[in-house]
Amino acid sequence: QVQFVESGGGLVQPGESLTLSCVASGFTLEDYAIGWLRQAPGGKREEVACISVRDGMTFYDDSAKGRFTITGDNAKRTIYLQMDSLKPEDTALYYCARGSCGGVYTYWGQGTQVTVSS
């Protein structure tokens, strides 16, 4: 079955960096777009970045442009989210999911917590 396992979250100070990893299984990775989404306490889930694994095309929310980079390694079945210059407002539970960039996501992982605080 379709599964995602996220890792790499943690507690960091403003301005620091983190790299999140998402290992996918149960489907052909290059047939789909994979997104990183996040949900802050009391907030709604929002798409941060997305990648079409087959052609490498990427999409970023305005909040992530210039600071976050999404990449994919098909051989390792892993999608990464490099996050630089982190801000307190980036604090959220980060999920990877399968779907369409800017559209609907249908399969989700359990998430990894990112907390940015001094």
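In this predicted model, the chain exposes about 6000 Å². Carbon and sulfur atoms supply 48% of that area. Buried residues account for 40% of the 118 residues. The charged side chains comprise 10 positive and 13 negative groups. The centres of these two sets lie 3 Å apart.

The secondary structure consists of strands, with 11 of them and zero helices. From the N terminus on, the order of elements reads β-β-β-β-β-β-β-β-β-β-β. The radius of gyration is 13 Å, close to the 13 Å that the globule rule gives for 118 residues, so the chain is as compact as a globular protein of that length. Along its principal axes, the C-alpha trace spans about 40 × 25 × 25 Å. Of the contacts with a separation of 6 or more, 54% come from residues 24 or more positions apart.

Strand β4 covers residues 33-39 and includes Leu37. Leu37 has a relative accessible area of 5%. This value is under 20%, the limit for burial, so Leu37 counts as buried. Its surroundings draw on several parts of the sequence. Leaving aside neighbours within four places, Leu37 contacts Arg45, Glu46, Glu47 and Val48, among others. Further along the chain, its partners include Leu93, Tyr94, Tyr95 and Ala97. Tyr105 and Trp108 are also in contact with Leu37. The C-alpha atoms of Leu37 and Ala49 are separated by 7.0 Å. These two residues are 12 residues apart along the chain.

Glu46, one of the contacts of Leu37, lies in strand β5. With a relative accessible area of 34%, Glu46 is partly exposed. That value falls between the 20% limit for buried residues and the 50% limit for exposed ones.

A polar contact of 3.0 Å links the side chain of Ser52 to that of Asp55. Beyond residues up to four places away in sequence, Ser52 is in contact with Tyr32, Ala33 and Met57.

Two residues other than glycine have positive phi values. Arg77 has a phi of about 55 degrees. Arg77 sits in the loop between β7 (68-73) and β8 (78-83). Its relative accessibility is 25%, so Arg77 counts as partly exposed. Ser85 likewise shows a positive phi, near 50 degrees. Ser85 belongs to the loop between β8 and β9 (92-99). At 40% relative accessibility, Ser85 is partly exposed.

Key
Residues numbered from 1 in each chain as written. Predicted model: local features only at pLDDT ≥ 70, side-chain atom pairs only at ≥ 80, totals over all residues. Heavy atoms only, no water. Polar contact = N/O pair within 3.5 Å; in protein donor to acceptor, adjacent residues only side chain to side chain. Contact = heavy atoms within 4.5 Å. Helix = DSSP H or I, 4+ residues; strand = E, 2+ residues; numbered from the N terminus. Buried < 20%, exposed > 50% of the residue type's maximum accessible area, 1.4 Å probe, protein only. Rg over C-alpha atoms; globule rule 2.2 N^0.38 Å. Areas by Shrake-Rupley, 256 points an atom, 1.4 Å probe, with all protein chains shown as cover. Lys, Arg positive; Asp, Glu negative; His and termini not counted. Charge placed at Lys NZ, Arg CZ, Asp CG, Glu CD.
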